Amino acid sequence: MKISATHESWPLAGEFRISRGAKTAADVVVVQVEQDGVAGRGECVPYARYGETIESVLKQIHGSSAQRLTRDKLKHRLSPGAARNAMDCALWDLECKAQGRDISDVLGTTSDSLLSAYTLSLDEPKAMHAAAQQQSETPLLKIKLGGRGDLERLRAVRAGAPLSRLVLDANEAWSVADNEALLPELVALNVEVIEQPFPVGNDRALAHLDRPITICADESCHDAKSIAGLEERYDMVNVKLDKTGGLSEAIETRQAAEDRGLKVMVGCMVGTSLGMAPAFFLAQNVDVVDLDGPLWLKQDREPGIYYKGTEMHKPDSKLWG
């Protein structure tokens, strides 16, 4: 078995900003696994929030090469995270291509399309109002917030897109006082979901607060083991392959969440269609799909996933699976 990994940088059509910083390119790592003349690929996005860099992820991948590596062996070699994600997804792709089977048949999925949220980047209220107006016919918007000025931002978005469903993502930027002040306003603005309002170390407060709006765990939820106890603080979890360490663990994480009565969002980092494709099959029949990463790129892979607006169509097996 031959394993190779490369860094690719894909320019964005505009600046993507959250509470922790901004980016103008999607920096991804692509893994290719070759065996018996057949190759499979997977993509990941190293994330600084979890101590990952391009260099550290490449080092992990190169240090985990082995003859006849399997998904089960990989789970015991690498911790959940970006490196394991790219390798796990490459092994799924390899298996499908070696067996001449479509991933839909392997997983038993049936949907030909999913409706994804579209993300509005963190900005000043006037700019977010303009962005919302451009997306006013988009059914589901995900709004990046950042603390001070969030209510003004949200009012501006709602004025620009009065009919869109709204999911908010605070990226750990709120305090308990922020939450208490904002919550009545958010209810009035018909917000449906608030994602990770508090820092991970402070989120236990959610167990003692009213939750009239669905609260979703992102940074507080990584893999299947991390699900236990989250139902006391959260109503939903955001399952991302770059956190779980690939499709294999993501399937288990989703199941663990549903077993505890939690709703599920399937999300992503900003990456190409190669990174979104495995998540498409994970996201069948979940509560919220947030897989708009390729829509932020100046140019996607070819072939890439076809989006009609934010309707995401089933990936071609030539791309993945």
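Biologist: How many cavities of 30 Å³ or more does a search of the whole structure find?
Modeller: Two. A cavity here is a set of points, on a 1 Å grid over the protein atoms alone, where a 1.4 Å probe fits but cannot get out. This is a predicted model, where local features need pLDDT of at least 70 and side-chain atom pairs count only at pLDDT 80 or more, while totals for chains, interfaces and linings use all residues. Residues are numbered from 1 along each chain as its sequence is written, and side-chain values use heavy atoms, with hydrogens and water left out.

Biologist: What volume has the largest cavity?
Modeller: About 90 Å³. Volume means the space filled by probe spheres set on the grid points, which are joined across faces, edges and corners.

Biologist: Which residues that line it are the closest to its centre?
Modeller: D242, C268, M269, G275 and M276, out of 13 lining residues. A lining residue has an atom within 4 Å of a point.

Biologist: Where does the largest share of that lining come from?
Modeller: From α10, with three residues. β3 (38-44), α8 (241-244) and α10 each supply at least two. Helices (H or I, at least four residues) and strands (E, at least two) are DSSP runs, numbered from the N terminus.

Biologist: And what lines the second largest cavity?
Modeller: N179, L183, L206, L209, D210, R211, P212, I213 and I215. That cavity holds about 50 Å³ of space.

Biologist: Switching to rings. How many aromatic pairs does a search of the whole structure find?
Modeller: Five. Rings of Phe, Tyr and Trp (its six-membered ring) pair if their centres lie within 6.5 Å; planes under 30 degrees apart are stacked, over 60 edge-to-face, the rest tilted. Y47 and Y50 form an edge-to-face pair, 5.4 Å centre to centre with 70° between the planes.

Biologist: Is Y47 buried or exposed?
Modeller: Buried, at 19% relative accessible area. Y50 is partly exposed at 24%. Buried means under 20%, exposed over 50%, partly exposed in between (1.4 Å probe, protein chains only).

Biologist: What about F281 and W320?
Modeller: They make a tilted pair, 6.2 Å centre to centre and 35° between the planes. F281 lies in helix α10 (residues 273-282) and W320 in the segment after β14 (311-313), so the pair ties together parts 39 residues apart in sequence. F281 is buried at 4% relative accessibility, and W320 is buried at 1%.

Biologist: Which residues form one aromatic cluster?
Modeller: F16, Y118 and W296.

Definitions and conventions
1 Å grid on protein atoms, 1.4 Å probe; cavity = no way out; pocket = protein on both sides within 12 Å on 5 of 7 lines; lining within 4 Å.
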